Amino acid sequence: AVLLIQQLAMPDVEGFTKQSAALLNVLLFLLPLFMLTIGAMSIASDIESGWLNLLRCYPLSIGAYIMTKWLGLFFVFFIVTFLAIVVAIGIGALFGGITVSGSLLLLVSCMLLIFTAIATFTGSLSKNRLHALAIGLGIWSFISLVISYVLMAIGTLIPEHLLKTFIVLNMHLNPLEWIRFSYFLLTEQTAVLGPAFYELVKFYDSSIGYFYYGII
């Protein structure tokens with residue numbers, strides 16, 4: 001529905017589509033919620049049911065178990081997410097076509113890898129599925145909502161240059177904001193960030209910037 005509304009309302013701009021931007025915002029909000037809760041409960045259910053204790057009777061290392069869970073969760077969410085996008089594109093073809101950029105697909109894949117890893121780690125710390133659900137929801141609400149509201153609240157109390165420092169710090173530490181920033185970088189639409197972030201964008205357009213970007 002989001003893709004169709006954007007398709008009917010706004011034409012595409014080369015390298016940057018309103019459909020992709022709208023879809024990215026929806027995915028950044030919803031996908032981590034599903035991954036952190038379902039993924040964490042996947043491992044917690046093994047702990048709660050005693051299945052993990054049974055597996056440890058076999059010559060299976062805990063590292064192999066965690067890696068298998070992580071990759072399994074990743075491929076499940078990968079198939080579901082991209083199948084949904086393919087279906088949306090197919091339906092959109094009836095309304096003049098929907099464009100989804102390759103940059104978006106790449107970043108969605110990165111997001112799936114990151115949050116299935118966090119979910120796997122969260123599940124390993126949980127005692128049962130309810131505990132895993134609580135931790136997953138707590139992490140999601142913190143990185144998706146709480147940090148943004150805190151920044152908006154303190155923005156009225158501190159100098160502008162200090163607020164910018166906090167925003168840049170959040171951009172580098174919060175995986176959701178880093179993926180959002182990466183989308184603007186990859187589509188060369190960093191102008192929407194405004195002149196305050198010109199130096200930051202200029203840095204990531206340099207050779208050393210590419211190196212740091214890859215590490216992050």
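Student: Quick one to start: is Ser182 buried or exposed?

Tutor: Ser182 is buried, with a relative accessible area of 2%. Keep in mind that this is a predicted model.

Student: Where does Ser182 sit, and what is it in contact with beyond its neighbours within four places in sequence?

Tutor: Ser182 is found in helix α8, which covers residues 175–186. Leaving aside those sequence neighbours, Ser182 is in contact with Leu107 and Tyr213.

Student: And Thr187, where is that one found?

Tutor: Thr187 is in the loop between α8 and α9, the latter being 198–204. Thr187 is buried as well, because its relative accessible area is 6%, and the cut-off for buried is under 20%.

Student: Which backbone oxygen lies 2.6 Å from a polar atom of the Thr187 side chain?

Tutor: That would be the backbone oxygen of Tyr183.

Student: Let's zoom out. How many helices and strands does the chain have?

Tutor: There are 10 helices and zero strands, so the pattern along the sequence is simply α-α-α-α-α-α-α-α-α-α. The chain has 216 residues, and 38% of them count as buried.

Student: What share of the contacts between residues at least 6 apart join residues at least 24 apart?

Tutor: For the chain, 71% of those contacts join residues at least 24 apart in sequence. As a separate example of sequence versus space, take Ala1 and Ala88: they are 87 residues apart in sequence, and their C-alpha atoms are 8.2 Å apart. Ala1 is in the segment before α1 (2–9) and counts as exposed, at 78% relative accessibility.

Student: Where is confidence lowest and where is it highest?

Tutor: Confidence is lowest in α1, with a mean of 67, and highest in helix α6 (residues 129–154), at 91. The average pLDDT for the chain is 85, and 90% of the residues score at least 70.

Student: New topic, then. How many salt bridges does the count come to?

Tutor: Three salt bridges. One of them joins the side chains of Lys69 and Asp46, at 3.1 Å from N to O. Lys69 lies in helix α4 (residues 62–92) and Asp46 in helix α2 (residues 18–49), so this pair ties together parts that are 23 residues apart in sequence. Both Lys69 and Asp46 are buried.

Student: What about Glu48 and Arg129, what do their side chains do?

Tutor: They meet in a salt bridge too, at 3.0 Å from N to O. Glu48 is in helix α2 and Arg129 in helix α6, so that pair ties together parts 81 residues apart in sequence. Glu48 is partly exposed at 41% relative accessibility, and Arg129 is partly exposed at 45%.

Student: Which residue does Glu177 pair with?

Tutor: Glu177 forms a salt bridge with Arg180, and their closest N and O atoms are 3.4 Å apart. Since the two are three residues apart in helix α8, about one helical turn separates them. Arg180 counts as partly exposed, at 26% relative accessibility.

Student: Last thing, the surface. Which residues make the nonpolar patch of about 510 Å²?

Tutor: Phe203, Ile208, Phe211, Tyr212 and Ile215 make that patch. Helix α10 (residues 207–215) gives the largest share, four residues.

Student: Why does Phe211 count as exposed?

Tutor: Because its relative accessibility is 52%, and exposed means over 50%. Phe211 is found in helix α10. For the chain, the accessible surface comes to about 12,300 Å², with 73% of it belonging to carbon and sulfur atoms.

How values were computed:
Residues numbered from 1 in each chain as written. Predicted model: local features only at pLDDT ≥ 70, side-chain atom pairs only at ≥ 80, totals over all residues. Heavy atoms only, no water. Buried < 20%, exposed > 50% of the residue type's maximum accessible area, 1.4 Å probe, protein only. Contact = heavy atoms within 4.5 Å. Areas by Shrake-Rupley, 256 points an atom, 1.4 Å probe, with all protein chains shown as cover. Patch = residues over 30% accessible without salt bridge, like charges linked within 9 Å, V, L, I, M, F, W, Y side chains within 5 Å. Salt bridge = Lys/Arg side-chain N within 4 Å of Asp/Glu carboxyl O. Polar contact = N/O pair within 3.5 Å; in protein donor to acceptor, adjacent residues only side chain to side chain. pLDDT = per-residue confidence, 0-100.
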